[in-house]
There are 2 protein chains.
Amino acid sequence: MATGLEIITDKDQMRKWSRDMRAKGKTIGLVPTMGYLHEGHISLIKEAQKHTNLIVVSIYVNPGQFSPSEDLSTYPSDFQGDIDKLKVLPVDVVFHPYNLYDYGNIESESKCNDPISSGSGSESGRSGVVSCVEDRKLGHETWVRVERLENGMCGKSRPVFFRGVATVVTKLFNIVEPDVAVFGKKDYQQWRIIRRMVRDLDFAVHVIGSEIVRDADGLAMSSRNVRLSPKERERALSINRSLSRAKLAAENGQNSCRDLKDLVTQALLEAGGIIDYAEIVDQESLEAVEEIRSPVVFCVAARFGAVRLIDNMEINV
Amino acid sequence: MATGLEIITDKDQMRKWSRDMRAKGKTIGLVPTMGYLHEGHISLIKEAQKHTNLIVVSIYVNPGQFSPSEDLSTYPSDFQGDIDKLKVLPVDVVFHPYNLYDYGNIESESKCNDPISSGSGSESGRSGVVSCVEDRKLGHETWVRVERLENGMCGKSRPVFFRGVATVVTKLFNIVEPDVAVFGKKDYQQWRIIRRMVRDLDFAVHVIGSEIVRDADGLAMSSRNVRLSPKERERALSINRSLSRAKLAAENGQNSCRDLKDLVTQALLEAGGIIDYAEIVDQESLEAVEEIRSPVVFCVAARFGAVRLIDNMEINV
């Protein structure tokens with residue numbers, strides 16, 4: 001149990017802490033989060049603990065991965081509750097920056113989620129996508145793109161998402177300078193993208209994927225689950241239930257992805273879900289496959305009410 | 001004078017050297033080069049020496065910043081000559097990797113500069129640009145984009161160039177982990193892009209811009225100058241001569257950029273140069289200005305024979 005949990009908000013102070021600790025021979029694990037911590041996050045911390053002496057948990061809701069039309073302003077947060085949870089864990093530092101994109105030269109105040117200013121797009125550069133960072137006119141213009149892996153699945157419906165994730169993780173790696181970083185495999189595409197980015201940009205960070213944590217009813221834990229009504233939650237269980245059935249069918253020899261996807265999409269539609277995608281893809285390349293002949297992952301994104309949920313199951317046949 | 005110049009080709013060995021030195025309290029300066037060293041590079045090394053205890057010079061011709069139609073295969077090189085020059089300087093390590101984009105999973109051999117395979121574009125992702133890295137099918141797919149600064153001037157005629165530069169510099173920063181990096185202001189746009197990237201991605205590297213070094217006749221030093229015939233070289237002097245005249249005129253009160261640009265373009269055309277661009281831009285934003293009212297830089301790119309040359313002069317009125 002940690003005796004003194006330190007909260008650091010300043011970038012330079014955070015880096016100094018890490019360098020002081022490294023100079024003392026310590027290794028540092030980073031668990032990046034957007035806060036509103038649940039058992040899933042706790043499992044990431046426990047995973048990190050296996051690999052390093054010290055643990056930094058970052059809590060930062062990253063505007064770079066939200067488009068102006070998405071739920072940045074309503075993303076759940078409870079900083080004091082998060083701290084209470086972390087205090088009883090072996091966490092050494094909470095890195096909680098106010099704004100990672102503020103370089104002391106803000107052109108105007110935040111306007112994200114303001115329908116008048118949203119989507120003006122004047123700052124979008126060549127890529128044609130705009131996040132809440134451009135929308136706030138903070139002057140930030142450098143983005144890390146993982147050009148193939150970012151295209152499919154969540155990248156299709158959320159064009160700024162992975163660019164924002166890869167960029168903020170780069171920033172966090174450069175500020176915290178960890179030896180190990182742990183990401184949840186619930187965000188499977190994100191985890192693969194971060195691993196590819198680390199390889200391609202030669203980061204000295206070992207990236208670990210941590211298994212999905214589910215509630216007793218099987219729903220994959222997510223900070224967004226809190227926004228589901230009891231009825232929506234019951235209907236959302238169709239995701240993990242149908243994925244489990246598909247996985248079992250595949251393990252029993254059903255290798256037609258079309259049939260397996262039919263099984264899942266039918267269950268989701270019957271439960272009133274609005275499907276964003278249901279895809280069976282190669283675990284490494286994330287390219288869609290038609291027949292299961294090597295390790296794949298079945299990934300789903302669907303909305304129940306106003307809440308977009310994602311889940312996945314690896315199928316290793 | 002350095003007693004033992006160490007040549008390191010392996011990424012992990014390079015990083016280990018840097019970390020060992022940092023643990024001993026040393027600071028490290030990085031001078032990234034593509035080799036074929038001249039007095040301009042030497043001045044970068046001397047600048048780095050003012051700021052750090054130890055100096056790493058990287059020599060790596062980066063395929064990520066060349067398009068398949070550019071001069072990667074004919075870029076001049078003389079590794080032994082470079083080492084001879086560095087041996088008598090206070091340089092501690094030459095980092096000379098064979099291939100920074102080889103992750104042990106090469107799909108096929110290099111085909112860059114092979115007209116049959118060039119420009120197939122199948123690996124280009126969303127950005128619509130292809131470098132010799134995609135062309136070689138090395139599997140690398142992560143790119144750092146500085147979305148506004150990369151658009152103008154050299155970015156217009158060389159669409160993969162700054163993406164490749166920002167990416168390889170990110171890799172070098174992550175491998176060498178320097179405290180200071182020195183870039184030549186001859187590549188003015190590149191220098192501004194690296195500074196912006198360092199700010200936006202929170203790299204713990206202090207970037208220093210080093211002044212242009214010119215030959216006795218005024219030509220800005222460049223590894224490509226060796227490919228100019230004596231006659232072409234004489235004609236290429238029109239670049240620095242006309243830029244000097246424009247600078248003087250501006251300092252004497254001429255603030256119309258149109259007139260100043262006319263002065264330079266006319267001189268270049270008369271000398272038989274083929275102008276890529278001649279632009280007067282804000283020193284920070286690199287946006288074109290019409291009247292000089294704040295610090296600007298006059299940037300020129302022009303071809304003489306087969307050789308594309310760039311040069312610039314800052315005008316601080």
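Biologist: Where does A:Tyr36 lie in chain A?

Modeller: In this predicted model, A:Tyr36 lies in the loop between β2 (28–33) and α2 (39–49) of chain A. The residue has a positive phi of about 55 degrees, although it is not a glycine.

Biologist: And is A:Tyr36 buried, partly exposed or exposed?

Modeller: A:Tyr36 is partly exposed, since its relative accessible area is 25%, and a residue counts as buried under 20% and as exposed over 50%.

Biologist: What about B:Lys137, what is its phi?

Modeller: The phi of B:Lys137 is near 55 degrees, which is a positive value in a residue other than glycine. B:Lys137 lies in the loop between α4 (132–135) and β5 (142–146) of chain B, and with 23% relative accessibility it counts as partly exposed.

Biologist: Changing topic to helices, how many residues does α1 of chain B have?

Modeller: Helix α1 (residues 11–23) of chain B has 13 residues, and from its first C-alpha to its last it reaches 18 Å, close to the 18 Å expected at 1.5 Å a residue.

Biologist: Which residues of α1(B) are buried?

Modeller: The buried residues are B:Lys11, B:Met14, B:Arg15, B:Trp17, B:Ser18 and B:Met21. They cover an arc of only 155 degrees around the axis, so they sit on the same side of α1(B). On the other side of α1(B), the residues B:Asp12, B:Lys16 and B:Ala23 are exposed.

Biologist: Why would residues a few places apart point the same way?

Modeller: An α-helix has 3.6 residues a turn, so residues three or four places apart point the same way.

Biologist: Then what covers the buried residues of α1(B)?

Modeller: The cover includes the strands β1, β2, β3 and β4 (93–95) of chain B, together with helix α6 (161–176) of chain B.

Biologist: Which residue caps the N-terminal end of α1(B), and what follows the helix?

Modeller: The N-terminal end of α1(B) is capped by B:Asp10, with a side-chain oxygen 3.2 Å from the backbone nitrogen of B:Asp12. After α1(B) comes B:Gly25, which has a positive phi near 85 degrees.

Biologist: Now the sheets: in what order do the six strands of the open sheet in chain B stand?

Modeller: Their order is β1-β4-β3-β2-β6-β7 (chain B), and the pairing is parallel. The strands at the edges are β1 (6–8) and β7 (206–210) of chain B, each of which pairs on one side only. Neighbouring strands of this sheet are turned by 25 degrees against each other on average, with direction ignored.

Biologist: How many bridges join β2 to β3 in chain B?

Modeller: Six bridges join strand β2 (residues 28–33) to strand β3 (residues 54–59) of chain B, and the two run parallel. Within this pair, B:Pro32 stands opposite B:Ser58 in β3(B).

Biologist: Which strands does helix α2 of chain B lie across?

Modeller: Helix α2 (residues 39–49) of chain B lies across β2, β3, β6 (180–184) and β7 of chain B, and it runs at about 150 degrees to β6(B). Helix α7 (residues 188–200) of chain B also packs on the sheet, where it touches β6 and β7 of chain B, and its direction makes about 170 degrees with that of β7(B).

Biologist: And the three-strand sheet, is its pairing parallel or antiparallel?

Modeller: The pairing is antiparallel, in an open sheet with the order β8-β9-β10 (chain B). Since β8 (274–282) and β10 (307–315) of chain B stand at the edges with a single partner strand each, one side of each is left without a neighbour in the sheet.

Technical notes
Residues are numbered from 1 along each chain as its sequence is written. Chains are lettered from A and ligands numbered from 1 in the order in which they are written. This is a predicted model: local features need pLDDT of at least 70, side-chain atom pairs count only at pLDDT 80 or more; totals for chains, interfaces and linings use all residues. Side-chain values use heavy atoms; hydrogens and water are left out. Two strands pair if DSSP finds at least two bridges between them. Helices (H or I, at least four residues) and strands (E, at least two) are DSSP runs, numbered from the N terminus. Buried means under 20% relative accessible area, exposed over 50%, partly exposed in between (1.4 Å probe, protein chains only). Axes are lines fitted to C-alpha atoms, for helices over the stretch in contact, and angles run from 0 to 180 degrees between N-to-C directions. Contact means heavy atoms within 4.5 Å. The expected span of a helix is 1.5 Å times one less than its number of residues. The arc is that of the directions from the helix axis to the C-beta atoms. A polar contact is a pair of N or O atoms within 3.5 Å; within protein, one must be able to donate a hydrogen and the other to accept it, and residues adjacent in sequence count only if both atoms are side-chain atoms.
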